[in-house]
Amino acid sequence: MDPIYFVVGLAKTVVSTITPMQSDITLDTFGLMCPIPIIKTAAQIKDMTTGEILEVLADDEQIVEDMPAWCKSNGHELLDMIEENGEFTLYVKKMY
Amino acid sequence: MIYLDHITASPIDPRVLEAMQPYMDEHFGSPVSLHRGGAQARQALDTARGQIAGLICCEQKEIIFTSGGTESDNLAIKGLAQAYMKKGRHVIVSAIESHGVLYAARTLERQGFTVTQIPVDTDGIVHPEMVRQAMQNDTILVSVMLASDEIGVIQPVRDITEIAHEHGAVMHTDAVCAGGHVPVNVQTLGVDALSLSARSMHGPPGCGALFLKQGTRIRPQIEGGIQEAGRRGGHENIPAIVGFGRAAELAQVQLPDQMIKLRQLDQQLLRGLATRIPGLSLNGHPSKRLPGHLNLMIRDADSESMVLMLDAKGIAVSIGSACASHASKPSHVLLAIGRTAREAQSSLLITMGASTTETEIKEVKDLLPDLVEQLRHVAGVAV
């Protein structure tokens with residue numbers, strides 16, 4: 001992966017939020033590498049009801065590219081993506 | 001052959017072999033495949049996971065398959081420490097852990113962690129109070145084995161877990177030698193991670209598992225695959241895992257009777273030998289230990305000579321340290337309980353299994369005293 005693109009991508013997508021967003025369920029994928037966080041997200045979203053928000057914790061930086069792509073192709077909304085000391089917190093809203 | 005070295009290796013149960021057979025030829029599919037061969041393999045994996053979860057009272061998804069007890073220990077020690085390193089870098093292990101734990105802890109030291117080794121008393125017990133004293137603000141992980149391979153001593157893991165949790169540390173226990181031999185219940189123990197091995201319960205070699213409590217973080221040590229929910233990469237060893245599951249299921253059923261039988265036999269042998277051999281004593285706690293497990297210190301009788309002489313008579317036993325036999329150095333466990341190097345090298349490990357009979361035990365009881373006397377005579381030792 002080209003690190004420059006990664007930084008640009010990160011700057012574009014990360015919205016700084018001071019207070020964590022309210023979520024219905026938390027999925028901790030710490031330590032797990034691509035594609036496991038996405039596989040687990042897909043399985044978790046399936047079990048939720050429309051309008052609920054899933055909080056995903058991850059430390060594989062690949063998630064910064066993977067989650068927006070997955071949300072886009074699956075029609076769910078990525079509400080926010082926060083990075084703190086190499087750990088990522090993402091909020092996905094189930095749309096249907 | 002009278003086989004009394006079950007802790008080092010034990011035969012695969014014929015029923016385990018029978019369960020494994022179809023997965024070595026007929027059902028060769030991989031769980032990652034989308035076709036029906038894959039579905040069959042996934043089903044086999046789930047069944048085995050359920051059987052092992054049943055043995056230790058956990059959820060199926062809390063089982064991670066590995067290549068054996070040593071890998072499970074490595075995954076637990078390095079994987080947990082690396083996952084919680086932002087909270088702190090202090091790790092506590094006991095002095096009598098297996099090398100899988102001790103060497104993994106040594107690697108952590110090279111990575112900037114601090115490791116405290118808790119000593120044991122002369123019975124080989126790790127005192128929970130000593131663990132409490134060793135706890136620091138930055139302690140993230142405690143690992144104390146459930147039962148020792150070398151001296152068979154069973155540790156107060158539940159009490160130690162409580163102390164670890166009071167201080168916010170995660171708790172791992174190596175249950176490789178306990179699993180299938182004494183009841184192991186992760187709910188009662190309260191541990192966050194627990195290592196198991198198939199071969200120590202009449203399952204196939206090359207297969208083990210790590211119980212990881214839901215919600216506990218771990219850093220995978222074998223990377224590059226989606227297997228085991230990404231926590232342990234590499235194609236699963238399906239035949240061995242199927243065998244492991246069956247072995248766990250059988251162990252669970254046989255456990256109560258087996259424990260009574262082996263305890264009776266080890267008491268019988270210990271009493272018989274103690275009256276016939278002067279200068280014999282048990283290494284480790286007299287009652288808090290695995291049934292059928294005797295580590296005997298026989299003063300002025302060299303371990304290796306005893307093993308070879310018994311072998312010539314058709315009896316297979318091990319020298320006091322099952323693991324370090326080839327390094328020709330005294331066992332770290334025997335030294336930790338206060339034995340001298342010479343005493344450690346005069347120790348004999350007798351471990352019984354499902355096939356052990358009273359007749360066999362009687363034969364050892366009759367034969368060993370004479371062998372010891374011969375050895376002492378040759379060495380010019382009067383006892």
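In chain B, the crossing of α3(B) and α4(B) is right-handed (the near helix is turned clockwise from the far one by less than a right angle). The model is predicted: local features need pLDDT of at least 70, side-chain atom pairs count only at pLDDT 80 or more, and totals for chains, interfaces and linings use all residues. Residues are numbered from 1 along each chain as its sequence is written, and chains are lettered from A in the order in which they are written.

Helix α3 (residues 69-83) and helix α4 (residues 99-110) of chain B pack at about 30°, with axes 8 Å apart. α3(B) is therefore roughly parallel to α4(B) (angles under 35 degrees). Axes are lines fitted to C-alpha atoms, for helices over the stretch in contact, with angles from 0 to 180 degrees between N-to-C directions. Helices (H or I, at least four residues) and strands (E, at least two) are DSSP runs, numbered from the N terminus. Residues of α3(B), including Ile77(B) and Ala81(B), meet residues of α4(B), including Ala104(B) and Leu108(B) (contact: C-beta atoms, placed from the backbone, within 7 Å).

Chain B also holds an open sheet of seven strands, ordered β2-β8-β7-β6-β5-β3-β4, with mixed pairing. Strands pair if DSSP finds at least two bridges between them. β2 (63-66) and β4 (114-118) of chain B stand at the edges with a single partner each, so one side of each lacks a neighbour in the sheet. Strands β3 (residues 90-94) and β5 (residues 139-143) of chain B pair in the parallel sense over four bridges. Val91(B) has Leu141(B) as its bridge partner in β5(B). α4(B) lies across β3, β4, β5 and β6 (170-174) of chain B, at about 160° to β3(B).

Technical notes
Angles under 35 degrees count as roughly parallel, over 145 as roughly antiparallel, 65 to 115 as roughly perpendicular and the rest as oblique. Two residues are in contact if their C-beta atoms, placed from the backbone, lie within 7 Å.
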